[in-house]
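Have a look at the picture first, then read on.

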Amino acid sequence: MCLNVLSVCTTLLAFFLQAQCLDNGLARTPALGYNTWNAYGGDINEDLIRATADLLISSGLKKAGYHYLVIDDAWSNLQRDDKGRLESNSDRFPSGMKALADYVHSKGLKFGMYSDAGSHTCLGYPGSRYHEEEDAQTFADWGVDFLKYDNCWAPASDWVIDRYSAMHAALNKTGRPILYSMCDWGVGDPWLWAPKIANSWRTTGDISPNWESMLRCLDNTIGLSEFAKPGAWNDPDMLEVGNPGLTEQEQRANFAIWAILKSPLIVGTDLRRLSRAARNILTAEEVVAVNQDKLGVAGDLIWKRGPTEVYAGPLEDGSRAVVLFNRHTSGTQYPLSNITVQWQDLGFEDELDATVRDLFARKDLGTFSGSWTGIVGLHDVRMVKISPIKTAPRYKDWRPWLQHSALHAAERMKRQLSGLQLEGLPGRPTKMARYEEIQEVVGDTQVS
Ligand SMILES: *[C@@H]1O[C@H](CO)[C@@H](O)[C@H](O)[C@H]1NC(C)=O
Ligand SMILES: *[C@@H]1O[C@H](CO)[C@@H](O)[C@H](O)[C@H]1NC(C)=O
C-alpha cells in the first residue's frame, strides 16, 4: 500500500517534472566540451584558445565527442564600450570574438562564452545583470553556442530565480539556440526550477583539484538524479582530470562518477601537457557512451557501507551502468576493497543471468547471476555495464533514486530546510509564489 502510494506520487512527479523542460532543442544528452577555467583561471588569450581548438582535434578529444570550446572569465575589457556593449579584451583578444568564433567553428567545434548574473564577473569584468538582452544579442551576433552564467556580485535582494530567468528570456529572444549552463553554485535549490529555464545547473560550489573538493561536489549532487532529464542536467562542476592534485585513480573516479550522474563532461586541463593517463580516461569511449546514452536517466548512489559506495543508472538497451567507488582514507592498511552490487538493487531478479563488462578495460568479465563483486583500489572506481542475457524489466520498473530512499531522505530533508531558510526574509516572497511567477515568465508546457 505504502509502496503503491509512493510509486503513484513518483509517477505524478515525473510527469510534473517532464512538463517543465526548457524547449531550445539542446543538450538532449549532457554537454561534452572544454572550458578554460580549471586550467588557466583568468590567464587566457586568443592564441591559447586557437591552440586549444587545434589540440582538441589532435588529441582525439573532439573525436571522442568533446565539441564545445568555452572561454571562461576574463575575456572582456573592464568597461563596456560607449554604446554599453561588452567588447573583447583589447590586449588579450585583439582580433575580436567574432574572428575567434569563426576560427573555432572552422574546426568543426562549437563556441562557448561566459558571463555573470551580477554587476561584475568573479574576476571583476562587467556582468550581465540588467544588460541581459543586449549581452545575449552580442553573444548571438558573435556566433556563440553555449553560455556559462556565473553568480558573483549579485545583491542579496535580487532573487536568484529572477536573475537567471532574465538571461533565459534574453537568450531565447535572440532566436539563436544557445546552450544555457547555469552556474549559481546550487543557491536556491536550482534543480527545482532551473529545468524550465536552463540546460544544466550547478549543484554545488566550485571544484578544485583535490580529493576533498571532488567529494564535496559529489556529495552535494547525490539524491538529485530525479531532476535530470534530456535537455536539463545536474552539474557538479567541471572535470579535474589531468590536473596535478588528483592521482590517476582519483581522476578516474572523477570521470566515471560524473559520467554516470549525467553531468556535463567539461574538460579543464592544459591540453599542451595532456598526459597519456588523462587522455586515456577522457577518451574511454564506453564510459562516455554511458553519459551520452539516449535514455537520459541519471544514475545515483544506490548503496553505501562506510566508505564503499555503488552508483547505478539504467541504459536504453535495458542494461545498467554501475560504478563501484572506494573512498577509504588513503594510508589505510587495506588498500583494496571488495564491493558488491546486488541484482536486486538494480531492479533485476536474483536468478537473472547477466554479462558484466569492464568499461575502462573494454573487457567482458563473464556471466553472473545475483550479484557481482569487484576489487577496487583506494580512491579508485570500477565501472561496468551489466546486461541481462534474456529480456529483463526495463528501467520503467526501476528508478535508481527509489533505491535506498532512506539514504536520500536525510539528504533531502537537509536541502528542504536550507531552502526554507530563504523564505520569509524581507523582500523575498515564498518559494511557491516565486515558482508561480516563473511559470508565468517562461510559460507552461502541456503535459502529454
Ligand atoms: C524560445 O522559446 C520557445 C517556447 O518555449 C521555443 O519554442 C523556442 O524554440 C525557443 N527558442 C530558442 C532559440 O531557444
Ligand atoms: C576480496 O575477495 C577475494 C576473492 O574472494 C578474497 O581473496 C580477498 O581476501 C577479499 N579481499 C578483501 C579485502 O576482503
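Two strands are said to pair if DSSP finds at least two bridges between them. Strands (E, at least two residues) and helices (H or I, at least four) are DSSP runs, numbered from the N terminus.

Residues are numbered from 1 along each chain as its sequence is written, and chains are lettered from A and ligands numbered from 1 in the order in which they are written.

Six strands form an open, antiparallel sheet in the order β9-β10-β11-β16-β13-β14. At its edges are β9 (300-305) and β14 (363-369), each pairing on one side only. Within the sheet, β11 (residues 320-326) and β16 (residues 381-388) are joined by six bridges, and Phe 325 stands opposite Val 381 in β16.

## Around ligand 1

Which residues surround ligand 1? They are Asp 23, Asn 24, Asn 172, Gly 175, Arg 176 and Pro 177.

The predictor's confidence in each residue is called pLDDT and runs from 0 to 100. The protein has a mean pLDDT of 87, and 82% of its residues reach 70 or more. Over residues 1-19, however, pLDDT stays under 50, and over residues 419-448 it is below 50 as well. Where pLDDT is low, the predicted coordinates should not be read in detail.

Terms used
This is a predicted model: local features need pLDDT of at least 70, side-chain atom pairs count only at pLDDT 80 or more; totals for chains, interfaces and linings use all residues. A residue is near a molecule or strand if its C-beta atom, placed from the backbone, lies within 6 Å of it. Two residues are in contact if their C-beta atoms, placed from the backbone, lie within 7 Å.
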